[in-house]
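Subject: Structure handover

Hello,

Here is the structure you are taking over. Please open it first, then read the notes below it.

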Amino acid sequence: MEEIVSLCKRRGFVFQSSEIYGGFASCYDYGPLGVELKRNVKDAWWRSMVQERDDIVGIETSILMHPKVWEASGHVATFTDPLVDCKTCKGRFRADHLDTTPCLQKPSKLAGQAEPCQLTEARQFNLMFKTHVGPVGEDESNIAYLRPETAQGMFVNFANVLTTSRKKLPFGIAQMGTSFRNEITPGNFVFRTREFEQMEMEFFCHPDEAAAWHQKWIDARYQWYLDLGVRRENLSLRPHEADELSHYARDPRGTGTVDIEYAYPFMDKPGELEGIANRVDHDLKQHAAHSGQKLTYFDPQTNEHVVPFVIEPAAGLGRATLTFLIDALREEEVKPGDTRTVLKLHPRLAPIKVAVLPLLKKRDDIVNVCQQLTRDLKKKTAATYDDTASIGKLYRRQDEIGTPFCITVDVETVENDQAVTVRDRDTMQQQRVSLDQVKNYVLDTLEVG
Ligand code: ATP
């Protein structure tokens, strides 16, 4: 994990928030490369969940919502984690994570296990951030919550989307956006933070078909990570145990929740990357009851009004981005005694797709060719020009940030063959490609990759 954290800082993927003031716990900023990587993860998700499908539409809803939303959804009453305090060190821990949480004073022991530890009984702590709306005093009448999940924005817009998009069951509504949870123990870099982005999709289907759709979505989401290059041996599926199911997933008519887990190097067992839940008809029924609105689907074939069941694949953007980084990071021996750090990100995710490098930065003719080519490439893809080190160092720098291709322009290019050298990040093989073909060559290869 230290390796990833240090790479992220050194190369501008992720910085500690408010670092010049000593940092602000559990908050992070994405730097120039991080923001591109994150955007690529979002694009890949949106493409596969919305744009490539006929049965799913996207929306974007506000973070602040009517407080009744959170009463209806059950979050005010039950969105809690069990909290224990240590009377000795004043530490606060999640009671259900004690088997993995080190004691603050004696990190070689688990919390509660060192001799002076004195843990209190667990009490339920609500994870929602509360705030007050408007320039009036802070009282119960103007309470609002920062949303702890994006899902409720989809449920309260169910009828709006149904009437405007004229979708037939089964269909889905997807969105991504920021959520907030006042986590008791945030940590492990961007794995668990108090402010994070989610990518969620609510798939509404006939209750009789929900079990089959649940399985289909588990398979599809698992495959998404594989398609984006995550190594199969690091992924696994785990159905939730009865005692960890969310309130909506406990319904006996449902099929619970299955997590896609990843073998994170900082955990001693695989941890949740994404959850796929069968939320049954809990949310629509609750909102119908609390709002007095009809939230049903009229099936013209059976002439019946049904309350659809909902299958929800819910992923975290920061957690997925971290997972792609961890999985892609390799130390490779190039030749005896010479190693390189390479980020084998899937080309779709790589923040920069191609770097154009001059072999001699003092030759104007070489630099001119590089700059013209970079300008051309930039119109189609994320390209960069770099001449701030020797070619060997430039290659290593691009390897470390996951750039799939480097193009080198040399004396031969301008004086002889009008061709350039294309170097592949993974194989390190170099190929001579004519200057007028190289743009298409790179774009075509990225497309297949
Ligand atoms: P966990 O068990 O890790 O607390 P959860 O089961 O509460 O997660 P969900 O409510 O299913 O999480 O949220 C969907 C996804 O959102 C998670 O799989 C994870 O990727 C992401 N996520 C949830 N909480 C956080 C957080 N505090 N920081 C970063 N990502 C989060």
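The domain bounds used here come from an automatic or database domain assignment. For the protein chain, that assignment gives domain 1 (2-64 + 128-326), domain 2 (80-126) and domain 3 (352-448). Between the C-alpha centres of domain 1 and domain 3 the distance is 39 Å. Please keep in mind that this is a predicted model.

Next, the ligand. There are 16 residues around the ligand, and those that come nearest are Phe196, Gly275, Ala314, Gly316 and Arg319. Two or more residues of the shell come from each of strand S10 (195-205), strand S13 (271-280), strand S16 (309-316) and helix H9 (317-328). The largest share belongs to S13, with four residues. Sorted by class, the shell holds seven charged, five polar and four nonpolar residues.

Then there is helix H2. This helix runs over residues 32-51, 20 residues in total, and spans 26 Å from its first C-alpha to its last, close to the 28 Å expected at 1.5 Å a residue.

Which residues of H2 are buried? They are Leu33, Gly34, Leu37, Lys38, Asn40, Val41, Trp45 and Met49. These residues lie on the same side of H2 because they cover an arc of only 155° around the axis. As a general point, an α-helix has 3.6 residues a turn, so residues three or four places apart point the same way. On the face of H2 turned away from the buried side are the exposed residues Pro32, Arg47 and Gln51.

Regards

How values were computed. Residues numbered from 1 in each chain as written. Predicted model: local features only at pLDDT ≥ 70, side-chain atom pairs only at ≥ 80, totals over all residues. Expected span 1.5 Å × (residues − 1). Buried ≥ 20, exposed ≤ 12 C-beta atoms within 10 Å, placed from the backbone. Arc of directions from axis to C-beta. Near = placed C-beta within 6 Å. Nonpolar A, V, L, I, M, F, W, Y, C, P; charged D, E, K, R; others polar.
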